[in-house]
Amino acid sequence: MQAWRVHRNGEPSEVMRLEETDRPTPGDGQVLIEVLAANINFPDALLCRGQYQVRPPLPFTPGVEICGRTADGRRVLATPALPNGGFAEYVVADGAALLPAPDALDDAEAAALHIGYQTGWFGLHRRAHLRAGETLLVHAAAGGVGSAAVQLGKAAGATVIGVVGGPEKAKTATGLGCDLVIDRRSEDIVAAVKEATGGRGADVVYDPVGGDAYAKSVKCIAFEGRVIVVGFASGVIPTPALNHPLVKNYSITGLHWGLYNTKDPAAVRACHDELTRLAAQGVIKPLISERVELAGAASAVQRVADGTSTGRIVVLPSGVAR
(Lines give C-alpha, C1' and ligand atoms only; values in the text may rest on other atoms or scores of the structure.)
Protein backbone atom coordinates (compact mmCIF):
# COMPACT_ATOMS: atom_id res chain seq x y z
CA MET A 1 0.00 0.00 0.00
CA GLN A 2 0.97 3.68 -0.18
CA ALA A 3 1.62 5.65 3.00
CA TRP A 4 3.26 8.92 3.98
CA ARG A 5 6.17 8.25 6.32
CA VAL A 6 8.38 10.46 8.47
CA HIS A 7 11.98 9.30 8.87
CA ARG A 8 13.27 12.40 10.69
CA ASN A 9 11.59 15.24 12.53
CA GLY A 10 11.07 18.61 10.89
CA GLU A 11 8.57 20.62 8.88
CA PRO A 12 5.88 18.39 7.31
CA SER A 13 6.61 19.41 3.72
CA GLU A 14 10.28 18.53 4.23
CA VAL A 15 10.07 15.26 6.15
CA MET A 16 6.92 13.50 4.88
CA ARG A 17 7.62 11.01 2.07
CA LEU A 18 5.08 8.96 0.12
CA GLU A 19 6.28 5.37 0.04
CA GLU A 20 5.22 1.83 -0.77
CA THR A 21 5.01 -0.20 2.41
CA ASP A 22 3.28 -3.25 3.84
CA ARG A 23 -0.23 -3.04 5.19
CA PRO A 24 -0.21 -2.89 8.99
CA THR A 25 -1.05 -6.15 10.74
CA PRO A 26 -3.82 -6.02 13.38
CA GLY A 27 -2.82 -7.03 16.90
CA ASP A 28 -5.08 -8.37 19.62
CA GLY A 29 -8.37 -6.46 19.62
CA GLN A 30 -7.39 -4.42 16.55
CA VAL A 31 -9.15 -4.15 13.19
CA LEU A 32 -7.75 -3.48 9.71
CA ILE A 33 -9.55 -0.51 8.11
CA GLU A 34 -9.52 0.83 4.56
CA VAL A 35 -9.09 4.62 4.74
CA LEU A 36 -11.91 6.53 3.04
CA ALA A 37 -10.86 9.95 4.37
CA ALA A 38 -8.21 11.23 6.80
CA ASN A 39 -8.68 14.59 8.49
CA ILE A 40 -5.62 16.79 9.05
CA ASN A 41 -5.18 18.06 12.60
CA PHE A 42 -2.59 20.45 14.03
CA PRO A 43 -1.15 17.56 16.12
CA ASP A 44 -0.14 15.92 12.81
CA ALA A 45 2.22 18.85 12.24
CA LEU A 46 3.50 18.56 15.82
CA LEU A 47 4.10 14.84 15.29
CA CYS A 48 6.23 15.62 12.24
CA ARG A 49 8.19 18.20 14.24
CA GLY A 50 8.64 15.84 17.20
CA GLN A 51 6.79 18.30 19.44
CA TYR A 52 3.65 16.34 20.29
CA GLN A 53 3.11 14.75 23.70
CA VAL A 54 3.21 11.37 21.98
CA ARG A 55 6.40 10.63 20.05
CA PRO A 56 6.06 7.50 17.93
CA PRO A 57 9.25 5.73 16.85
CA LEU A 58 10.71 6.69 13.48
CA PRO A 59 9.67 6.05 10.79
CA PHE A 60 5.95 6.66 11.35
CA THR A 61 2.87 7.72 9.43
CA PRO A 62 0.98 10.78 10.76
CA GLY A 63 -2.79 11.10 10.63
CA VAL A 64 -4.70 10.90 13.92
CA GLU A 65 -8.32 10.49 12.74
CA ILE A 66 -10.06 8.83 9.81
CA CYS A 67 -13.31 7.67 8.37
CA GLY A 68 -12.87 4.19 7.00
CA ARG A 69 -14.46 0.89 6.03
CA THR A 70 -13.96 -2.39 7.86
CA ALA A 71 -13.73 -5.78 6.18
CA ASP A 72 -17.40 -6.44 7.02
CA GLY A 73 -18.48 -3.22 5.29
CA ARG A 74 -19.08 -0.90 8.25
CA ARG A 75 -18.31 2.80 7.78
CA VAL A 76 -16.55 3.87 10.98
CA LEU A 77 -14.61 6.65 12.66
CA ALA A 78 -11.27 5.64 14.13
CA THR A 79 -8.10 7.00 15.68
CA PRO A 80 -5.38 4.86 14.07
CA ALA A 81 -2.78 3.18 16.22
CA LEU A 82 0.52 5.03 15.78
CA PRO A 83 3.08 4.60 14.29
CA ASN A 84 0.68 3.62 11.48
CA GLY A 85 -1.39 6.80 11.14
CA GLY A 86 -4.14 7.75 8.75
CA PHE A 87 -2.27 9.24 5.77
CA ALA A 88 -2.19 5.82 4.17
CA GLU A 89 -4.46 3.43 2.30
CA TYR A 90 -4.99 1.15 5.31
CA VAL A 91 -4.69 1.49 9.09
CA VAL A 92 -5.29 -0.59 12.18
CA ALA A 93 -7.29 0.65 15.16
CA ASP A 94 -8.73 -0.58 18.44
CA GLY A 95 -11.91 -2.44 17.54
CA ALA A 96 -13.62 -1.54 20.81
CA ALA A 97 -13.12 2.18 20.18
CA LEU A 98 -14.61 2.31 16.68
CA LEU A 99 -17.60 4.62 16.28
CA PRO A 100 -20.26 4.48 13.54
CA ALA A 101 -19.88 7.23 10.96
CA PRO A 102 -22.99 9.45 10.93
CA ASP A 103 -25.21 8.87 7.90
CA ALA A 104 -25.79 12.63 7.60
CA LEU A 105 -22.10 13.27 6.78
CA ASP A 106 -20.03 12.20 3.78
CA ASP A 107 -16.65 10.54 4.27
CA ALA A 108 -14.65 13.79 4.46
CA GLU A 109 -17.11 15.43 6.87
CA ALA A 110 -17.26 12.32 9.03
CA ALA A 111 -13.46 12.16 9.22
CA ALA A 112 -13.47 15.70 10.62
CA LEU A 113 -16.15 15.09 13.25
CA HIS A 114 -14.44 13.08 15.93
CA ILE A 115 -11.54 14.88 17.62
CA GLY A 116 -12.46 18.52 16.95
CA TYR A 117 -16.12 18.23 17.87
CA GLN A 118 -15.51 15.92 20.82
CA THR A 119 -12.94 18.42 22.09
CA GLY A 120 -15.42 21.25 21.61
CA TRP A 121 -18.28 19.41 23.31
CA PHE A 122 -16.23 18.31 26.32
CA GLY A 123 -14.64 21.75 26.62
CA LEU A 124 -17.87 23.73 26.44
CA HIS A 125 -20.19 21.37 28.31
CA ARG A 126 -18.18 19.07 30.55
CA ARG A 127 -15.51 21.57 31.59
CA ALA A 128 -17.03 25.04 31.14
CA HIS A 129 -20.72 24.16 31.69
CA LEU A 130 -21.76 26.67 29.02
CA ARG A 131 -25.33 27.88 29.47
CA ALA A 132 -27.83 29.31 27.01
CA GLY A 133 -27.65 33.09 26.94
CA GLU A 134 -23.98 33.27 27.93
CA THR A 135 -21.31 34.85 25.75
CA LEU A 136 -18.68 32.51 24.29
CA LEU A 137 -15.41 33.87 22.89
CA VAL A 138 -13.72 31.51 20.41
CA HIS A 139 -10.17 32.08 19.22
CA ALA A 140 -9.14 30.86 15.74
CA ALA A 141 -12.85 30.70 14.98
CA ALA A 142 -12.33 29.94 11.28
CA GLY A 143 -9.95 27.05 11.96
CA GLY A 144 -10.77 23.38 12.38
CA VAL A 145 -10.99 23.36 16.17
CA GLY A 146 -12.49 26.83 16.44
CA SER A 147 -15.17 26.28 13.80
CA ALA A 148 -16.43 23.25 15.70
CA ALA A 149 -16.64 25.28 18.92
CA VAL A 150 -18.56 28.04 17.13
CA GLN A 151 -21.19 25.60 15.87
CA LEU A 152 -21.48 23.86 19.22
CA GLY A 153 -21.74 27.18 21.03
CA LYS A 154 -24.58 28.29 18.79
CA ALA A 155 -26.28 24.92 19.27
CA ALA A 156 -26.11 25.50 23.04
CA GLY A 157 -27.86 28.87 22.73
CA ALA A 158 -24.80 31.03 23.44
CA THR A 159 -23.89 34.35 21.85
CA VAL A 160 -20.66 33.58 20.00
CA ILE A 161 -17.84 36.03 19.38
CA GLY A 162 -15.20 34.72 16.97
CA VAL A 163 -11.62 35.95 16.77
CA VAL A 164 -9.82 35.47 13.45
CA GLY A 165 -6.78 36.72 11.55
CA GLY A 166 -7.67 38.48 8.33
CA PRO A 167 -10.76 39.42 6.28
CA GLU A 168 -11.11 36.09 4.47
CA LYS A 169 -11.23 34.19 7.75
CA ALA A 170 -13.67 36.81 9.06
CA LYS A 171 -16.04 35.92 6.20
CA THR A 172 -15.72 32.25 7.08
CA ALA A 173 -16.47 32.88 10.76
CA THR A 174 -19.51 34.97 9.88
CA GLY A 175 -20.77 32.16 7.66
CA LEU A 176 -20.39 29.73 10.55
CA GLY A 177 -22.87 31.77 12.58
CA CYS A 178 -20.72 33.99 14.81
CA ASP A 179 -22.77 36.85 16.24
CA LEU A 180 -19.69 39.06 16.16
CA VAL A 181 -16.35 38.57 14.42
CA ILE A 182 -13.17 40.34 15.56
CA ASP A 183 -10.16 40.54 13.25
CA ARG A 184 -7.22 40.45 15.64
CA ARG A 185 -4.99 42.02 12.97
CA SER A 186 -6.97 45.24 12.76
CA GLU A 187 -9.16 45.39 15.88
CA ASP A 188 -8.66 45.57 19.63
CA ILE A 189 -9.99 42.26 20.98
CA VAL A 190 -10.43 43.48 24.57
CA ALA A 191 -12.24 46.68 23.62
CA ALA A 192 -14.49 44.90 21.10
CA VAL A 193 -15.54 42.19 23.57
CA LYS A 194 -16.28 44.69 26.31
CA GLU A 195 -18.29 46.87 23.94
CA ALA A 196 -20.30 43.90 22.66
CA THR A 197 -21.09 42.70 26.19
CA GLY A 198 -21.86 46.04 27.78
CA GLY A 199 -18.64 45.91 29.76
CA ARG A 200 -19.35 42.49 31.28
CA GLY A 201 -16.93 40.44 29.21
CA ALA A 202 -17.06 36.87 27.91
CA ASP A 203 -18.49 34.16 30.16
CA VAL A 204 -16.52 31.39 28.47
CA VAL A 205 -13.31 31.61 26.42
CA TYR A 206 -12.33 28.72 24.15
CA ASP A 207 -8.59 29.03 23.52
CA PRO A 208 -6.70 26.63 21.26
CA VAL A 209 -4.06 29.30 20.55
CA GLY A 210 -2.35 30.38 23.79
CA GLY A 211 0.18 33.19 23.76
CA ASP A 212 -1.29 36.62 23.10
CA ALA A 213 -4.78 35.17 22.65
CA TYR A 214 -4.78 33.99 26.26
CA ALA A 215 -3.37 37.30 27.51
CA LYS A 216 -6.13 39.25 25.76
CA SER A 217 -8.82 36.83 26.96
CA VAL A 218 -8.21 37.31 30.65
CA LYS A 219 -8.47 41.07 30.18
CA CYS A 220 -12.05 40.70 28.96
CA ILE A 221 -13.29 37.73 31.00
CA ALA A 222 -16.57 38.14 32.89
CA PHE A 223 -17.16 37.70 36.62
CA GLU A 224 -17.16 33.93 37.25
CA GLY A 225 -15.97 33.40 33.69
CA ARG A 226 -14.22 30.23 32.53
CA VAL A 227 -11.16 30.05 30.27
CA ILE A 228 -10.81 26.68 28.56
CA VAL A 229 -7.19 25.97 27.64
CA VAL A 230 -7.31 23.61 24.65
CA GLY A 231 -3.90 24.00 23.04
CA PHE A 232 -1.06 26.29 22.02
CA ALA A 233 -1.19 26.69 18.24
CA SER A 234 0.71 29.98 18.59
CA GLY A 235 3.67 28.04 19.95
CA VAL A 236 3.66 30.11 23.15
CA ILE A 237 2.47 28.49 26.40
CA PRO A 238 1.06 31.13 28.80
CA THR A 239 2.41 31.40 32.34
CA PRO A 240 -0.49 33.05 34.18
CA ALA A 241 -0.02 34.84 37.47
CA LEU A 242 -2.58 33.20 39.75
CA ASN A 243 -3.34 36.41 41.62
CA HIS A 244 -5.18 37.56 38.48
CA PRO A 245 -7.95 34.89 38.49
CA LEU A 246 -8.17 35.41 42.24
CA VAL A 247 -8.89 39.14 42.05
CA LYS A 248 -11.15 38.84 38.98
CA ASN A 249 -12.94 35.68 40.13
CA TYR A 250 -12.55 33.54 37.01
CA SER A 251 -11.46 29.97 36.41
CA ILE A 252 -8.73 28.52 34.20
CA THR A 253 -9.63 25.00 33.08
CA GLY A 254 -7.49 22.63 31.06
CA LEU A 255 -8.80 20.12 28.55
CA HIS A 256 -6.89 17.07 27.31
CA TRP A 257 -9.70 15.31 25.49
CA GLY A 258 -7.64 12.20 24.72
CA LEU A 259 -7.63 11.24 28.40
CA TYR A 260 -11.36 10.53 28.24
CA ASN A 261 -10.67 7.60 25.91
CA THR A 262 -9.01 5.79 28.79
CA LYS A 263 -10.53 7.48 31.85
CA ASP A 264 -14.19 7.58 30.72
CA PRO A 265 -14.79 5.90 27.33
CA ALA A 266 -18.52 5.74 28.00
CA ALA A 267 -18.60 9.56 28.01
CA VAL A 268 -16.87 9.60 24.61
CA ARG A 269 -19.53 7.29 23.16
CA ALA A 270 -22.34 9.33 24.71
CA CYS A 271 -20.82 12.47 23.19
CA HIS A 272 -20.65 10.77 19.80
CA ASP A 273 -24.34 9.92 20.04
CA GLU A 274 -25.10 13.58 20.75
CA LEU A 275 -22.90 14.78 17.88
CA THR A 276 -24.58 12.29 15.54
CA ARG A 277 -27.97 13.65 16.57
CA LEU A 278 -26.86 17.25 16.00
CA ALA A 279 -25.42 16.32 12.60
CA ALA A 280 -28.68 14.63 11.61
CA GLN A 281 -30.52 17.82 12.52
CA GLY A 282 -28.10 19.89 10.44
CA VAL A 283 -27.05 21.88 13.49
CA ILE A 284 -23.38 20.94 13.09
CA LYS A 285 -21.48 20.19 9.89
CA PRO A 286 -17.69 20.13 9.66
CA LEU A 287 -16.36 22.93 7.48
CA ILE A 288 -14.28 21.24 4.77
CA SER A 289 -12.23 23.85 2.93
CA GLU A 290 -10.15 21.42 0.85
CA ARG A 291 -10.33 17.80 -0.23
CA VAL A 292 -6.93 16.66 -1.44
CA GLU A 293 -5.73 13.35 -2.85
CA LEU A 294 -3.25 11.24 -0.91
CA ALA A 295 -0.37 12.57 -3.02
CA GLY A 296 -1.07 16.11 -1.77
CA ALA A 297 -1.04 15.30 1.94
CA ALA A 298 2.39 16.71 2.83
CA SER A 299 1.75 20.18 1.43
CA ALA A 300 -1.72 20.18 3.04
CA VAL A 301 -0.29 19.32 6.48
CA GLN A 302 2.19 22.16 6.01
CA ARG A 303 -0.65 24.63 5.33
CA VAL A 304 -2.30 23.57 8.57
CA ALA A 305 1.06 23.90 10.36
CA ASP A 306 1.50 27.41 8.96
CA GLY A 307 -1.99 28.50 10.02
CA THR A 308 -3.03 29.52 6.51
CA SER A 309 -5.93 27.08 6.19
CA THR A 310 -9.56 27.57 7.16
CA GLY A 311 -11.85 24.86 8.45
CA ARG A 312 -10.60 21.36 7.73
CA ILE A 313 -8.40 19.90 5.01
CA VAL A 314 -9.18 16.23 4.41
CA VAL A 315 -7.04 13.69 2.57
CA LEU A 316 -8.95 11.30 0.29
CA PRO A 317 -7.79 8.24 -1.67
CA SER A 318 -6.27 8.82 -5.10
CA GLY A 319 -8.89 9.70 -7.71
CA VAL A 320 -11.54 10.59 -5.11
CA ALA A 321 -10.79 14.23 -4.15
CA ARG A 322 -12.95 16.85 -5.80
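This is a predicted model: local features need pLDDT of at least 70, side-chain atom pairs count only at pLDDT 80 or more; totals for chains, interfaces and linings use all residues.

Q: Why does Asn 249 count as partly exposed?
A: Its relative accessibility is 37%, and the partly exposed class applies because that value falls between the cut-offs of under 20% for buried and over 50% for exposed.

Q: Switching to peptide bonds, which residues does a cis bond with omega near -10 degrees link?
A: That cis bond runs from Leu 58 to Pro 59, and Pro 59 belongs to the loop between helix H2 (42-49) and strand E4 (65-70). There is also a cis peptide bond joining Leu 82 and Pro 83, with omega about 20 degrees, and Pro 83 lies in the loop between strand E5 (75-78) and strand E6 (90-94).

Q: Now the sheet: in what order do the 6 strands of the open sheet come?
A: The order is E10-E9-E8-E11-E12-E13, with parallel pairing. The edge strands are E10 and E13, each of which pairs on one side only, and neighbouring strands are turned by 20 degrees against each other on average when direction is ignored.

Q: How many bridges do E8 and E9 share?
A: They pair in the parallel sense over 5 bridges, and Val 138 has Gly 162 in E9 as its bridge partner.

Q: Which strands does helix H5 touch as it packs on the sheet?
A: Helix H5 (residues 144-155) touches E8, E9 and E11, and its direction makes about 170 degrees with that of E8. Helix H7 also packs on the sheet, touching E8, E9, E10 and E11, and the direction of H7 makes about 165 degrees with that of E10.

Q: Staying with H7, which of its residues are buried?
A: In H7, which spans residues 189-196, the buried ones are Ile 189, Val 190, Ala 192 and Val 193. They cover an arc of only 165 degrees around the axis, so they lie on the same side of H7. Their cover includes strands E8 (135-139), E9 (159-164), E10 (180-183) and E11 (202-207), together with helix H8 (212-217).

Q: What happens at the start of H7, and what comes just after H7?
A: At the start, a side-chain oxygen of Asp 188 comes to within 3.0 Å of the backbone nitrogen of Val 190, while just after the helix Gly 198 takes a positive phi of about 65 degrees.

Q: Last topic, the largest nonpolar core: which of its 81 residues touch the most other members?
A: Those are Met 16 and Leu 136. Apart from this core lies another, of 17 residues, including Ile 182, Ile 189, Val 193 and Val 205.

Q: Which residues does Leu 136 touch, leaving out those up to four places away in sequence?
A: Among them are Leu 124, Leu 130, Ala 149, Gly 153, Val 160, Ile 161, Val 204 and Tyr 206.

Methods: Residues are numbered from 1 along each chain as its sequence is written. Side-chain values use heavy atoms; hydrogens and water are left out. A nonpolar core is a set of buried Ala, Val, Leu, Ile, Met, Phe, Trp, Tyr and Cys residues joined through side-chain atoms within 4.5 Å. Buried means under 20% relative accessible area, exposed over 50%, partly exposed in between (1.4 Å probe, protein chains only). Contact means heavy atoms within 4.5 Å. Helices (H or I, at least four residues) and strands (E, at least two) are DSSP runs, numbered from the N terminus. The arc is that of the directions from the helix axis to the C-beta atoms. A polar contact is a pair of N or O atoms within 3.5 Å; within protein, one must be able to donate a hydrogen and the other to accept it, and residues adjacent in sequence count only if both atoms are side-chain atoms. Two strands pair if DSSP finds at least two bridges between them. Axes are lines fitted to C-alpha atoms, for helices over the stretch in contact, and angles run from 0 to 180 degrees between N-to-C directions.
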